[in-house]
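Please keep the sequence and the coordinates in view while reading.

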Amino acid sequence: MSFNPQLNADGSLRHLLTIDGLPRAILTHILDTADGFITINEQEVKKVPLLRGKAIFNLFFEPSTRTRTTFEIAAKRLSADVINLNISASSQSKGETLLDTVDNLAAMQADMFVVRHAQSGAAHMIARHVAPHIHVVNAGDGRHAHPTQGLLDMLTIRKYKGEFHNLCVAIVGDVLHSRVARSQIHALTTLGVPEVRVIAPKTLLPTGVEQMGVQVYYDMALGLRNVDVVIILRLQNERMRGALLPSAQEYFKYYGLTPEKLSYARADAIVMHPGPMNRGVEIDSTVADGKQSVILPQVTYGIAVRMAVMSLLAGN
Amino acid sequence: MTMSFINHSLPGADALIDQLAVAIRPSLTDNTVLVGMHTGGVWAAERLHPLLNAAMPHGSLDISFYRDDFEQIGLHAQVKPTRLPFEVEGRDILLVDDVLYTGRSVRAAMNALFDYGRPAKIRLAVLIDLVGDRQLPIAADFVGAALSVPSHQHIHLIRGEDGNLSLKLVDIS
């Protein structure tokens, strides 16, 4: 295996920065561990003592509600102390550099940083900088990666479909700007999904996307045929201003997931969305709230996956 | 840690389970539930269940998240889902493990159970009470056999491909 900054010398996971380059065994171990954490939600006391006394800093340089909240809940259910920092509003505006901020927090005996940043590579930079006992989890960096989102999607798929080796999965929408899509594609191909498709207008696909091991479709009717899992990506409104798309209505007409378009997929296909949803833009409310939708279970499984990642890292 | 198996005459696992069932049976009530501890204790509990009362609720408990050696060894063991398909609150729990040695697993199991509710009673049944290095004030209520082995050895419950259970003496080095 080539050098991977996420791994210790013995191959165990030290940081979680990206799914790209992680072996299938590590992904499967995370999913299996997450399975064990799901039952904690059924406990009277929804807490286990694994990370008692550990200090986990949520460093969010970019706004996020769901991801930050689920990381916070996950850390609290592991009995860690959680400190949430909304950095854009504090030191950075006073001119402190990212690494100075990290050093100051490390001096407060941080054990783990959960990092969300608009710049691709921010979490990598922090991971390279911190002392050996500190672990870093990438909670989304620029257009690059959002590994825990990718993993929670895999846990959701495994929960509903059982296996990966016989699935056809379609990712629909703004792949170009989506760190979620990149993490999903790496996870799906690593876990052995034989057919991964992306469906989007040309302007929303990165060049060379085929080299990631996906099949490209520009048409929903063709792209959704025989699909087991439909993953809808959020269409970020700011993209409209960049002249990549004519209008939200136009996008909805061709790529919005309506009951009619969903009927091209297999009858038992599940519909996923990483949130937050734009109803009436990338997904119709009838589908979002329909019986094939597993969008809310994704959020629940997200807590279990983040518990698994944090406890595996802290123990390595 | 490397382990090597050596031949040694240990009691048969099935015979111990039969003996345990005989010893446990008089103490069962309508309120009793059976909980096996992963992994050996689950196998033993599965065997005990029909011998005791096939209608009795039973579940399985994974203690990985409650172990006290997480700081030393991390979360390496395969975590198995805990399944307790009944209310723990107020129940008379019969906890089953394969080998009682230091007592630390049982401590972890009791902590885990209390996070599901407040049981009326917890009793412990083990196939082997391995005497010699108990580290906590914990004792079993029902014991298949009490044994001692040299400090570099341990006893494991093994399940073969055919599903048969057997006890093995294992070298720890």
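How much area do chain B and chain A bury between them? The two chains bury about 1600 Å² between them, buried area being the accessible area (1.4 Å probe) that two parts lose on being put together, summed over both. Of this area, 59% lies on carbon and sulfur atoms. On the side of chain B, Phe65(B), Phe70(B) and Tyr116(B) lose the most area to chain A, together 37% of what that side buries.

This is a predicted model, in which local features need pLDDT of at least 70 and side-chain atom pairs count only at pLDDT 80 or more, whereas totals for chains, interfaces and linings use all residues. Residues are numbered from 1 along each chain as its sequence is written, chains are lettered from A in the order in which they are written, and side-chain values use heavy atoms, with hydrogens and water left out.

In terms of contacts (heavy atoms within 4.5 Å), 18 residues of chain B meet 22 residues of chain A. One salt bridge is found across the interface, the term denoting a side-chain nitrogen of Lys or Arg within 4 Å of a carboxyl oxygen of Asp or Glu. Its partners are Lys54(A) and Glu71(B), whose closest N and O atoms are 3.0 Å apart. Helix α3 (residues 70-73) of chain B supplies three residues, the largest share of the side of chain B that touches chain A; helices here are DSSP runs of H or I with at least four residues, and strands are runs of E with at least two, numbered from the N terminus.

Chain B as a whole comprises four helices and seven strands. Read from the N terminus, its elements follow the order α-β-α-β-α-β-α-β-β-β-β. Its radius of gyration, taken over C-alpha atoms, is 16 Å, close to the 16 Å that the globule rule gives for 173 residues, so chain B is as compact as a globular protein of that length. That rule is 2.2 Å times the number of residues to the power 0.38. Along its principal axes, the C-alpha trace of chain B spans about 45 × 40 × 30 Å.

Within chain A, Gln184(A) belongs to helix α6 (residues 179-190). Is Gln184(A) buried or exposed? Gln184(A) counts as buried because its relative accessibility is 0%, the cut-off for buried being under 20% relative accessible area (1.4 Å probe, protein chains only). Beyond residues up to four places away in sequence, Gln184(A) touches several others, including Gly150(A), Met154(A) and Leu233(A).

Notes: Buried < 20%, exposed > 50% of the residue type's maximum accessible area, 1.4 Å probe, protein only.
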